[in-house]
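Hello,

Here is the structure I promised to pass on to you.

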Amino acid sequence: MTTTEIKTNDRTTAEATTVRPNPTTAAPRLNFAKAAPKAFRAVIGLDAAAREGLDPALVELVQIRASHLNRCAYCLHMHTTDARKAGESEDRLHMVAVWQEAEHFFTDRERSALALTDAVTRIGDAGVPDEVYDRAAAHFTEEELAHLLALIFTINTWNRIALSTAKRAGTDER
């Protein structure tokens, strides 16, 4: 269990306790796919539509980055495994978590997508700043940008499904 401070305008306003299930010992929770098959299929449909026209390597980088930010071990394991199978280098996989400090590992296009992933995933912090959006818009067509946004929305949804239902990393139950 960890205790964190909630800050507003750089002032501590309250304390919150964050309790996450231990994925190695947590009892299985509901099977979302079985309990809400229409909703599950809808997310699968959005996921498939979002990927259209995007480079598969970029798709994995975005999914890995959002999974880092959301602390979703299940999705992080799944997408790093998929990226390796697709030929992604170990160096780049290790650098996704610190992409801002390791910019030379990624193209301008990839960095703009990772910045947009950070902003959309952390949307409650500062929204999506114009400079982040404009940078991505400079590297992607309008259609590609819409698909990239849908991809970011989708991985955030998958992260929330996996975390809420206590999916265990390494099981890759798809």
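First, a convention: angles between axes count as roughly parallel under 35 degrees, roughly antiparallel over 145, roughly perpendicular from 65 to 115, and oblique for the rest. The axes are lines fitted to C-alpha atoms, for helices over the stretch in contact, and the angles run from 0 to 180 degrees between N-to-C directions. Helices are DSSP runs (H or I, at least four residues) numbered from the N terminus.

This is a predicted model, in which local features need pLDDT of at least 70 and side-chain atom pairs count only at pLDDT 80 or more, while totals for chains, interfaces and linings use all residues. Residues are numbered from 1 along each chain as its sequence is written, and side-chain values use heavy atoms, without hydrogens and water.

**Helix packing**

The axes of α3 and α9 cross at roughly 45° and come within 9 Å, so the two helices are oblique to each other. On the α3 side, V59, V62, Q63, A66, S67 and N70 take part; their partners in α9 include L148, L151, I152 and I155. Contact here means heavy atoms within 4.5 Å.

Helix α6 (residues 108–121) also packs on α9, with axes that come within 10 Å and cross at roughly 50°. That pair is therefore oblique too. Among the residues that make this contact are A113, L116 and V120 of α6 and L145, L148 and I152 of α9.

**Cores**

A nonpolar core is a set of buried Ala, Val, Leu, Ile, Met, Phe, Trp, Tyr and Cys residues joined through side-chain atoms within 4.5 Å. The largest has 27 residues, and V62, L116, L148 and L151 have the most contacts inside it. Two or more residues each come from α3, α6, α8 (130–139) and α9. Beyond its neighbours within four places in sequence, L151 touches A50, R51, L54, V59, V62 and Q63. A second, separate core of ten residues includes C72, Y74, M78 and W158.

**Two positive phi values**

Most residues other than glycine have a negative phi. R71, not a glycine, has a positive phi of about 55° and sits in the loop between α3 (56–70) and α4 (73–85). A166 has a phi near 60° and belongs to the segment after α9 (142–164). A166 is buried (under 20%), at 17% relative accessibility.

Best wishes

Key. Buried < 20%, exposed > 50% of the residue type's maximum accessible area, 1.4 Å probe, protein only.
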